[in-house]
Amino acid sequence: MKQLSVLLFVLVAIFLPATICAEVTVGAARTDQYIPQLKGKRVALFSNHTGLVDGKHTLDIMLDNGLNVVTLFSPEHGFRGTADAGEHVGNSVDGPTGIPIASLYGSKDRTPSKEIMDGLDVIVVDIQDVGLRFYTYYCTMIDLMNAAKKYGKEVMVLDRPNPNGMYVDGPILDMKYSSGVGRLPIPVVHGMTLGEIASMANGEGWLKDGGKVALSVVPCEGYTHQTRYRLPVPPSPNLKSMLSIYLYPSMCYFEATPVSLGRGTDAPFEIYGHPDMKNRTFEFTPRSVPGAKNPPLLDKLCHGVDLRGMSEEEAIAQGINLDYVIDAYRDLGMGDSFFRSFFELLIGRGDIRKMIEDGRSTAEIKATWMPDVEKFKNQRRPYLLYAE
């Protein structure tokens, strides 16, 4: 237990010390709201290194309060948050506690086995999401909700703020592009917490075969959708700063192109480039590093753009900005070979690639999804737990 606390303290210290909004109380800190409900039940905890309350992991809080935690579920990047994006993460045992870890990201259908589900009564979710449709933590939560509904188990979400919860932007996912990076018909930037998403998925019949799971949410206190919530620890290995989290809605599409977005450097999601980009003064070379063992364009000198001079407020205000992808597309002149099919899974619609290829501007493209934004904001309103 002490080893776990020391590790978490170090992670907090190297990311954003003293920047968390003191007035916000996360759901996991409200022990009086959930410990009594979980007493006497076999608890499975879906969490990772982000499940912190004042530097202490929610797992430790549960064990210190005498809860019977029988299983840990791990998302992409693993329970300790150190695996690469998309890396296979197998079942294991949590060293500090000896509790078995059931990996979901590495399983064939990303759902727990019947044997595991038969051994629990309630799944508790406590993990820090960043509010993007293609960020996989909420996808794993939906998979667990589907499993809980199938086997008649409860789900409890200990809610946390959404650092990108200030706005809604992007097209609603065309469900023919549903995938591991898009589970629900929601915009790219949905502006909801995990508790709100869980409530909406339940209420809108988005779980498998319709119907609902037995769901409860322990909300945050002192949070609204205009709160600038600064994360106390990196949510995943390549989101190293608040600027990267604010740029993520605009930069992730490079994952579906030959262009590097800085994996393997000290500034992922804050820079982009390619060896063949022209007339660029900024250069970088991706290297093999923890969390990016084999990054795109490994050991190749890239020429490109450095966005680190942008303020956080500027990054927030731009919302989804396709200018960066458009810039690289036009510079490289690769035509049809620039975009891979993964682009449609990320952006969520089949016509946007052609708009870029046809020379449409970011403003013109964004105008096509604004009706989606308004539709979704109205649709989600009954499920919001916090003031807009």
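**Exercise 1. Sort the residues of the lining of the largest cavity into nonpolar, polar and charged.**

Solution. The model is predicted.
Step 1: List the lining. The largest cavity is lined by I127, Q128, D129, D159, R160, P161, N162, M192, T193 and L194.
Step 2: Assign classes. Ile, Pro, Met and Leu count as nonpolar, and Asp and Arg as charged.
Step 3: Count. The lining divides into four nonpolar, three polar and three charged residues.
Step 4: The largest cavity has a volume of about 40 Å³, and a search of the whole structure finds one cavity of 30 Å³ or more.

**Exercise 2. Describe how the axes of helix α5 and helix α6 cross.**

Solution. 
Step 1: Locate the helices. Helix α5 covers residues 136–151 and helix α6 covers residues 194–203.
Step 2: Read the geometry. Their axes come within 11 Å and cross at roughly 45 degrees.
Step 3: Classify the angle. Angles under 35 degrees count as roughly parallel and 65 to 115 as roughly perpendicular, so α5 and α6 are oblique to each other.
Step 4: The crossing of α5 and α6 is right-handed.

**Exercise 3. Name the residues through which α5 and α6 meet.**

Solution. 
Step 1: Take the α5 side, which contributes Y138, M141, I142 and M145.
Step 2: Take the α6 side, which contributes L194, I197, A198, A201 and N202.
Step 3: Sort by class. This contact has eight nonpolar residues, one polar and no charged.

Terms used:
Residues numbered from 1 in each chain as written. Predicted model: local features only at pLDDT ≥ 70, side-chain atom pairs only at ≥ 80, totals over all residues. Heavy atoms only, no water. Axes fitted to C-alpha atoms, helices over the stretch in contact; angles between N-to-C directions. Helix = DSSP H or I, 4+ residues; strand = E, 2+ residues; numbered from the N terminus. Parallel < 35°, antiparallel > 145°, perpendicular 65-115°, else oblique. Left-handed = near helix turned anticlockwise from the far one by under 90°. Contact = heavy atoms within 4.5 Å. 1 Å grid on protein atoms, 1.4 Å probe; cavity = no way out; pocket = protein on both sides within 12 Å on 5 of 7 lines; lining within 4 Å. Points joined across faces, edges and corners; volume = space filled by probe spheres on them.
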